[in-house]
Amino acid sequence: YFKNLDITTAGYPGDKGGRQQWGMSGKSLGVTNEGRKFAYQIDTYGGQSGSPVWEMKNGNYVAVGIHTNGSSTTNYATRILKYLFEYIKQYKEQYPAK
């Protein structure tokens, strides 16, 4: 799973000044780290950690990961598994947007 998905991330890369949001798209390479992360070859830079990674599914944006780290060839995201989804949902309920 998580191989050849069309995914996108958007963040504030430090090499662009960290003040402009940039979006990048590409293909996923597959899961790593016992299925907790997935890899991709999308160009990212320091400052983008924590950015969402999503795919389009049936016309909807679906967050599938959170960008964590990378190198000059491969980047990684933590998969949004059920435990993390529940944590995010609970946090959102506790701290609703104003």
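Which residues make a nonpolar surface patch of about 450 Å²? In this predicted model, in which local features need pLDDT of at least 70, side-chain atom pairs count only at pLDDT 80 or more, and totals for chains, interfaces and linings use all residues, the patch is made by Tyr 87, Ile 88, Tyr 91 and Tyr 95. Residues are numbered from 1 along each chain as its sequence is written, and side-chain values use heavy atoms, with hydrogens and water left out. A patch consists of residues with over 30% relative accessible area and no salt bridge, nonpolar side chains (Val, Leu, Ile, Met, Phe, Trp, Tyr) being joined within 5 Å and like charges within 9 Å. Accessible areas were computed by the Shrake-Rupley method with a 1.4 Å probe; for residues, only the protein chains shown count as cover. Tyr 91 is placed in helix α1, residues 82–94 (helices are DSSP runs of H or I with at least four residues, strands runs of E with at least two, numbered from the N terminus). The relative accessible area of Tyr 91 is 45%, which makes this residue partly exposed (buried is under 20%, exposed over 50%, partly exposed in between; 1.4 Å probe, protein chains only).

The largest nonpolar core has ten residues: Phe 2, Leu 5, Ile 7, Met 24, Phe 38, Tyr 40, Ile 42, Val 53, Val 64 and Ala 77. Two or more of these residues come from each of β1 (3–11) and β3 (37–40). Such a core is a set of buried Ala, Val, Leu, Ile, Met, Phe, Trp, Tyr and Cys residues joined through side-chain atoms within 4.5 Å. Beyond residues up to four places away in sequence, Tyr 40 touches residues including Ile 7, Lys 27, Val 53, His 67 and Ala 77 (contact: heavy atoms within 4.5 Å).

Two salt bridges are present (a side-chain nitrogen of Lys or Arg within 4 Å of a carboxyl oxygen of Asp or Glu). Lys 27 pairs with Asp 6, with the closest N and O atoms 2.7 Å apart. This pair links distant parts of the chain, with Lys 27 in strand β2 (residues 22–32) and Asp 6 in strand β1, 21 residues apart. Lys 27 is partly exposed at 42% relative accessibility, and Asp 6 is exposed at 53%. Arg 36 and Glu 34 also form a salt bridge, at 3.2 Å from N to O.

Arg 79, in strand β6 (residues 75–79), is buried yet has no salt bridge. The nearest side chain of opposite charge, Glu 55, is 9.4 Å away (Lys and Arg count as positive, Asp and Glu as negative; His and the chain ends are not counted).
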